Amino acid sequence: RKTINIAVIPGDGIGKEVTPQTQAVMGKAVGNQVRLNYVDYDLGAERYLRDGTLLNDEDLESIGQQDAILLGAVGDPRVRSGILERGLLLKLRFSFDQAVNLRPTKLYPGVNSPLKNPGRIDFAVVREGTEGLYSGMGGYIRRGTDQAIATETSLNTAFGVERAVRYAFDLARKRGGKRNVTMVNKTNVLPHAGALWLDIMDKVAQEYPDVTWDYLHADACTIFLVTDPSRFDVIVTDNLFGDVLTDEAGAVVGGIGYSASANINVTDEHPSMFEPIHGSAPDIAGKGIANPTASILSGAMLLEHFGYDQAAERIQRAVEEDVAANASRSRSTQEVAQDIIARL
Ligand code: NAD
Ligand code: IPM
Ligand code: MN
């Protein structure tokens with residue numbers, strides 16, 4: 001029997017509440033088809049406040065030896081904003097070269113969309129995961145004076161952009177739906193990065209005659225996400241636009257409690273990481289009321305990544321049935337997970 005070694009990083013806040021539920025659901029879904037070997041990592045605010053460490057070389061070395069990472073969320077009101085997010089989450093994405101941040105967006109029947117006529121919403125955002133304005137390049141000089149200057153540099157490499165774009169075209173083909181890729185950027189104000197992205201779209205598209213593509217400015221994309229979300233099939237975009245658009249997409253399909261994601265290392269040289277899109281939700285942490293569905297669906301993405309498509313589909317189907325039956329009821333984190341497990 002095969003084994004998947006999974007580094008489990010529940011992290012902070014509701015991350016700690018939803019992650020164990022996902023582990024239980026995944027275990028039930030795979031049965032004895034594969035052994036899920038969970039290796040726990042105590043990373044996050046508690047450890048940082050205890051000894052000042054975030055994610056050291058030893059942690060990276062050990063996590064790097066696992067096959068995949070299941071992450072909850074990081075972020076804690078006691079820690080200055082950005083410390084845990086950059087020092088832990090982004091460091092994981094960067095260290096393990098997780099170039100594709102895949103964020104499927106689907107409106108499940110029964111879930112209440114804030115849109116009056118949502119229509120059929122089922123698209124995926126391929127967000128470049130290691131470059132753009134997340135590069136950390138820039139500086140802040142003359143701080144504290146009224147001549148202070150801060151810069152943030154958006155890094156776009158042909159190599160990095162092509163990995164994301166290629167993934168998007170492959171995905172459009174694999175999904176077998178509209179077979180369309182929409183590139184989102186702001187080529188009107190970002191002439192350099194915009195041109196590089198367009199050049200690569202042009203080049204890669206040649207290899208996919210069966211897939212069409214179009215282009216939208218990011219601001220216009222935010223409009224269409226609420227006025228006509230069913231037009232989208234696969235969206236490909238940079239790191240920051242992708243971050244913003246996927247929170248909006250999550251809201252449109254009934255809330256961030258349903259939005260899953262995969263941070264994929266496309267060469268399989270390093271572990272890929274699976275996590276809900278939402279954060280640690282300090283406003284509801286500790287109450288046991290966080291919706292574990294986004295995390296559970298991320299667990300399904302993990303199983304799919306390793307080729308356990310049927311187990312992944314079982315989870316998706318159980319979630320679909322569960323939301324159709326119960327989305328309007330208010331349930332605890334544990335109740336939702338138990339209801340999903342009961343359908344598996
Ligand atoms: P958030 O996603 O944590 O919360 C936004 C809102 O959505 C809150 O009202 C919250 O209660 C609600 N919410 C989120 N997940 C939910 C769930 N599963 N069920 C029910 N309601 C849910 O975003 P935020 O408030 O901007 O950030 C809080 C902290 O999390 C910050 O420190 C931020 O940096 C961090 N963060 C981490 C990640 C991550 O680890 N991947 C992602 C986003 C934000
Ligand atoms: C996300 C989060 C992260 C991001 C933060 C917490 C660094 O918002 O996963 O969407 O910006 O990528
Ligand atoms: Mn985000």
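Me: Which helix gives the largest share of the shell around ligand 2?

Reply: That's helix α4, residues 83-95, with three residues in the shell. Keep in mind that this is a predicted model.

Me: And which residues surround ligand 2?

Reply: You'll find Glu 85, Leu 89 and Leu 90 there, along with Asp 243, Ile 277 and Gly 279.

Me: How does that shell split by class?

Reply: Around ligand 2 there are three nonpolar residues, two charged and one polar.

Me: OK, ligand 1 now. Which residues come nearest?

Reply: Ligand 1 has 19 residues around it, and the nearest are Gly 75, His 278, Gly 279, Ala 281 and Asn 291.

Me: What's the class breakdown for ligand 1?

Reply: Ten nonpolar, six polar and three charged residues make up the shell of ligand 1.

Me: Switching to helices. At what angle do α9 and α10 cross?

Reply: Roughly 160 degrees, with the axes of α9 (residues 293-305) and α10 (residues 309-326) coming within 7 Å. Angles over 145 count as roughly antiparallel, so α9 is roughly antiparallel to α10.

Me: Left-handed or right-handed crossing?

Reply: The crossing of α9 and α10 is left-handed.

Me: Which residues make the contact?

Reply: From α9 it's Thr 293, Ile 296, Leu 297, Gly 299, Ala 300, Leu 303 and Glu 304. On the α10 side, Asp 309, Ala 311, Ala 312, Ile 315, Gln 316 and Val 319 take part.

Me: And by class?

Reply: The contact of α9 with α10 has eight nonpolar residues, three polar and two charged.

Notes. Residues numbered from 1 in each chain as written. Chains lettered and ligands numbered in written order. Predicted model: local features only at pLDDT ≥ 70, side-chain atom pairs only at ≥ 80, totals over all residues. Near = placed C-beta within 6 Å. Helix = DSSP H or I, 4+ residues; strand = E, 2+ residues; numbered from the N terminus. Nonpolar A, V, L, I, M, F, W, Y, C, P; charged D, E, K, R; others polar. Axes fitted to C-alpha atoms, helices over the stretch in contact; angles between N-to-C directions. Parallel < 35°, antiparallel > 145°, perpendicular 65-115°, else oblique. Left-handed = near helix turned anticlockwise from the far one by under 90°. Contact = placed C-beta atoms within 7 Å.
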